[in-house]
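Here is a short report on the structure below. It covers a sheet, a helix and a ligand shell.

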Amino acid sequence: MAPQLQHANESEISLSKTCRTPVLDRGLLARRIEQLGEWFHNLDLHGVKTAPNHFLGDFPAIKWRHIAPEVPDDLSGARVLDIGCNGGFYCIQMKQRGAERVLGIDVDDRYLNQARFAAEQLSLDIEFQKLSVYEVDRIPGQFDFVLFMGVFYHLRYPLYALDKIIQKVSGRLIFQTMIRGSETPREWESNYHFWNKEIFKQQDFPCMYFIEKQYANDPTNWWLPNASAAEAMLRSSGMEVVSHPENETWICTPKHVSRDGRYILDMELDGTL
Ligand SMILES: C[S@@+](CC[C@H](N)C(=O)[O-])C[C@H]1O[C@@H](n2cnc3c(N)ncnc32)[C@H](O)[C@@H]1O
């Protein structure tokens with residue numbers, strides 16, 4: 001349920017010089033930000049920060065600093081899909097680079113309300129929809145940039161989600177996940193003998209840690225890959241890694257996402273893979 005927001009009286013609102021969006025008085029803006037619940041994204045809304053005490057610091061700006069140089073400065077004409085958009089930080093960044101269409105999806109109304117409020121305050125035309133990653137096939141068409149950041153490890157069915165997502169990527173997938181265990185991605189042989197048990201003792205062998213109960217007090221943290229597993233799963237879904245700008249993030253492009261015109265997911269589901 002959206003929090004009830006107080007209406008500002010006219011003396012609390014001024015019009016920005018560059019656009020016709022009302023800029024709220026700083027105190028009122030801070031109150032509205034607070035009324036929208038706890039924020040995970042630390043946005044700067046006209047000088048008011050939405051999550052100034054974030055446990056990861058100035059998040060996700062600190063992450064974006066490493067990824068931003070990999071994204072064109074001018075995104076004119078680009079279509080962007082942000083899966084698990086949260087408070088809209090990445091949607092805002094992409095729209096501010098001129099993307100034609102930015103669609104953010106998330107399952108959590110609190111975050112969607114925050115994202116809508118932020119976009120409105122910044123006068124940015126961004127679409128937000130309540131939709132799960134498992135429902136991306138209901139979104140028509142493909143996107144030049146698909147962001148799938150910080151969601152993978154929250155899913156019980158991560159590879160299923162990834163196999164769905166790749167169908168939406170026409171250009172680049174920007175993928176980020178929590179990494180635990182080895183942070184050194186390494187490609188392995190294409191086959192091993194049945195009695196080779198040594199590989200499973202290697203720290204860098206692709207591995208997903210399953211969290212039965214909780215990790216970091218969060219019961220939605222299910223599967224934590226090491227770096228090799230993250231890369232291997234991206235490749236297995238048909239993506240090619242084009243860069244690895246920081247230890248949790250990979251930028252990929254579709255390479256073998258379909259076989260004989262059919263997607264891997266459809267082949268897996270009907271047993272023909
Ligand atoms: C850790 S936050 C990451 C937010 C943002 N993408 C980022 O990287 O900063 C995880 C987000 O994924 C959303 N989420 C969790 N399960 C989801 C699902 N099945 N479909 C879409 N979003 C989901 C949560 O509501 C939350 O906003």
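Which residue just after α6 takes a positive phi? That residue is G238, with a phi of about 100 degrees.

## Basis

This is a predicted model: local features need pLDDT of at least 70, side-chain atom pairs count only at pLDDT 80 or more, and totals for chains, interfaces and linings use all residues. Numbering starts from 1 along each chain as its sequence is written.

Helices (H or I, at least four residues) and strands (E, at least two) are DSSP runs, numbered from the N terminus.

## Helix α6

Helix α6 spans residues 227–236. Eight of its 10 residues are buried, so the rest of the structure largely encloses it. Buried means 20 or more other C-beta atoms within 10 Å of the residue's own, with C-beta atoms placed from the backbone. Among the buried residues are E231, M233 and L234.

## Sheet

Seven strands form an open sheet with mixed pairing, in the order β7-β6-β5-β8-β9-β13-β12. Its edge strands, β7 (127–130) and β12, each pair on one side only. Pairing requires at least two DSSP bridges between two strands.

Strands β5 (residues 79–83) and β8 (residues 143–149) run parallel, joined by four bridges. I83 has F148 as its bridge partner in β8.

## Ligand shell

The ligand is surrounded by 17 residues; the closest are G84, N86, D108, M149 and G150. A residue counts as near if its C-beta atom, placed from the backbone, lies within 6 Å.

Definitions and conventions:
Buried ≥ 20, exposed ≤ 12 C-beta atoms within 10 Å, placed from the backbone.
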